[in-house]
There are 2 protein chains.
Amino acid sequence: MLLEDQLCFAIYAASRAVTAAYRPLLDELGLTYPQYLVMLLLWKHGSLTVKEVATALHLDYGTVTPLLKRLQGAGLIARRRRTDDERGVEAVLTDEGRDLQARALGVPVGMAEAFGLEADERDALRDRLHALVESMDAYAGAGRSS
Amino acid sequence: MLLEDQLCFAIYAASRAVTAAYRPLLDELGLTYPQYLVMLLLWKHGSLTVKEVATALHLDYGTVTPLLKRLQGAGLIARRRRTDDERGVEAVLTDEGRDLQARALGVPVGMAEAFGLEADERDALRDRLHALVESMDAYAGAGRSS
DNA sequence: CCACAGTAACTTGTGCACAAGTTAATTGAG
DNA sequence: CTCAATTAACTTGTGCACAAGTTACTGTGG
């Protein structure tokens with residue numbers, strides 16, 4: 001029952017340490033860490049529905065909706081109803097949002113340095129965590145169905 | 001720059017998946033995940049100052065103070081000024097708080113099952129994450145001093 | 001065509017998490 | 001001893017994160 005022995009606490013502490021390490025880098029871009037994740041998605045895809053963002057980040061609509069509104073308020077994205085299915089709302093990069101990508105190129109480099117790990121170690125840890133998330137999702141799914 | 005390739009996102013997603021897996025177990029105890037971590041500390045030590053709790057969990061006073069007030073509101077702890085140093089406030093288990101430990105014994109067992117990992121794998125992952133947190137703390141410390 | 005189940009998004013309320021600023025008690029240099 | 005710096009705790013404000021409930025649109029069976 002010791003706190004320090006539990007994997008859950010190690011993950012919880014690591015998550016907060018990582019976002020804290022990102023903060024000074026992201027402050028210069030005027031982004032929070034979840035906002036940065038959304039921008040990463042949009043720099044790749046150009047535009048995404050609220051549902052697609054929520055699915056990719058494993059987040060709730062109730063988290064994503066206000067987050068996108070703040071990005072809109074910052075002028076980085078526009079939000080508009082889809083025309084083919086008017087239930088959907090699409091987030092689209094503005095010119096300003098697209099331009100921000102150039103200034104964000106240094107962020108992953110700076111973070112790789114902070115991690116203090118070799119690339120292969122980093123990949124191994126990442127893959128193990130991905131497997132953990134899938135295992136937990138499967139467990140949660142099984143729990144719901146019983 | 002791909003989201004799925006980044007270690008940071010794997011940790012962020014894993015952290016939320018873990019606390020989500022704890023939620024149904026902790027709901028039965030009437031605790032949130034951070035509250036459970038505080039109770040783990042108190043079941044071990046009996047009483048701790050706000051500073052000691054904040055240090056152990058790597059949290060801010062601004063997070064811990066209201067958290068302890070909610071535990072006090074739930075009747076699990078009492079909060080009182082220290083007599084030897086009146087700046088300090090101590091959190092102490094109530095009888096009710098102490099009794100809760102018996103009902104919480106099943107929580108780590110249930111979680112070990114959800115993780116779907118062998119004990120040695122779990123320990124290896126935990127140690128690697130602990131090392132990561134220390135590395136990041138050291139990096140942040142170095143950044144502040146420059 | 002029409003009730004209706006299902007889906008996408010939003011809203012409200014609670015609880016972290018952290019920055020920045022405030023207050024009160026303690027410590028220590030001169 | 002005195003007062004300036006330090007420390008412990010609290011407060012305020014912003015932004016996630018998620019549960020639960022609401023609204024608007026879609027697609028399908030009858």
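The expected span of a helix is taken here as 1.5 Å times one less than its number of residues, and helices (H or I, at least four residues) and strands (E, at least two) are DSSP runs numbered from the N terminus.

The model is predicted, so local features need pLDDT of at least 70 and side-chain atom pairs count only at pLDDT 80 or more, whereas totals for chains, interfaces and linings use all residues. Residues are numbered from 1 along each chain as its sequence is written, while chains are lettered from A and ligands numbered from 1 in the order in which they are written.

Chain A contains seven helices and three strands, which follow one another along the sequence in the pattern α-α-β-α-α-β-β-α-α-α. Its C-alpha atoms fill a box of roughly 50 × 45 × 25 Å, taken along the principal axes. Of the 146 residues in chain A, 25% are buried, a residue being called buried if 20 or more other C-beta atoms lie within 10 Å of its own, exposed if 12 or fewer, and partly exposed in between, with C-beta atoms placed from the backbone. Two residues are in contact if their C-beta atoms, placed from the backbone, lie within 7 Å; among contacts in chain A between residues at least 6 apart in sequence, 42% join residues at least 24 apart.

Within helix 1 of chain A, the buried residues include A:L7, A:F9, A:I11, A:Y12 and A:V18. A contrasting position is A:D60, which lies in the loop between helix 3 (50-57) and helix 4 (61-73) of chain A. With 9 other C-beta atoms within 10 Å, A:D60 is exposed. From A:D60 to A:L105 there are 45 residues in sequence and 28 Å in space, C-alpha to C-alpha.

The strands of chain A form an open sheet of three in the order 1-3-2, with antiparallel pairing, where two strands pair if DSSP finds at least two bridges between them. Strand 1 (47-49) and strand 2 (77-81) of chain A stand at the edges, and because each has a single partner strand, one side of each is left without a neighbour in the sheet. Neighbouring strands of this sheet are turned by 25 degrees against each other on average, direction ignored; axes are lines fitted to C-alpha atoms, for helices over the stretch in contact, and angles run from 0 to 180 degrees between N-to-C directions.

Strand 1 of chain A pairs with strand 3 (residues 89-93) of chain A over three bridges in the antiparallel sense; here A:S47 stands opposite A:V92, and A:T49 has A:E90 as its bridge partner. Helix 2 (residues 33-45) of chain A lies across strand 1, strand 2 and strand 3, running at about 120 degrees to strand 1 of chain A.

In chain B, too, three strands form an open sheet in the order 1-3-2 with antiparallel pairing. Strand 2 and strand 3 (residues 89-93) of chain B pair over five bridges, and B:I77 stands opposite B:L93. Helix 4 (residues 61-73) of chain B packs on the sheet, touching strand 2 and strand 3, and its direction makes about 125 degrees with that of strand 2 of chain B.

Helix 1 (residues 7-27) of chain B meets helix 6 (residues 106-115) of chain B, their axes coming within 10 Å and crossing at roughly 145 degrees. The residues in this contact are B:A21, B:Y22 and B:L25 in helix 1 of chain B, and B:V107, B:G110, B:M111 and B:A114 in helix 6 of chain B. By class, the contact has six nonpolar, one polar and no charged residues, where Ala, Val, Leu, Ile, Met, Phe, Trp, Tyr, Cys and Pro count as nonpolar, Asp, Glu, Lys and Arg as charged, and the others, Gly among them, as polar.

Finally, the two chains touch each other, with 44 residues of chain B in contact with 44 residues of chain A. Helix 1 of chain B gives the most to the side of chain B that touches chain A, with 15 residues. That side of chain B has 32 nonpolar, six polar and six charged residues.
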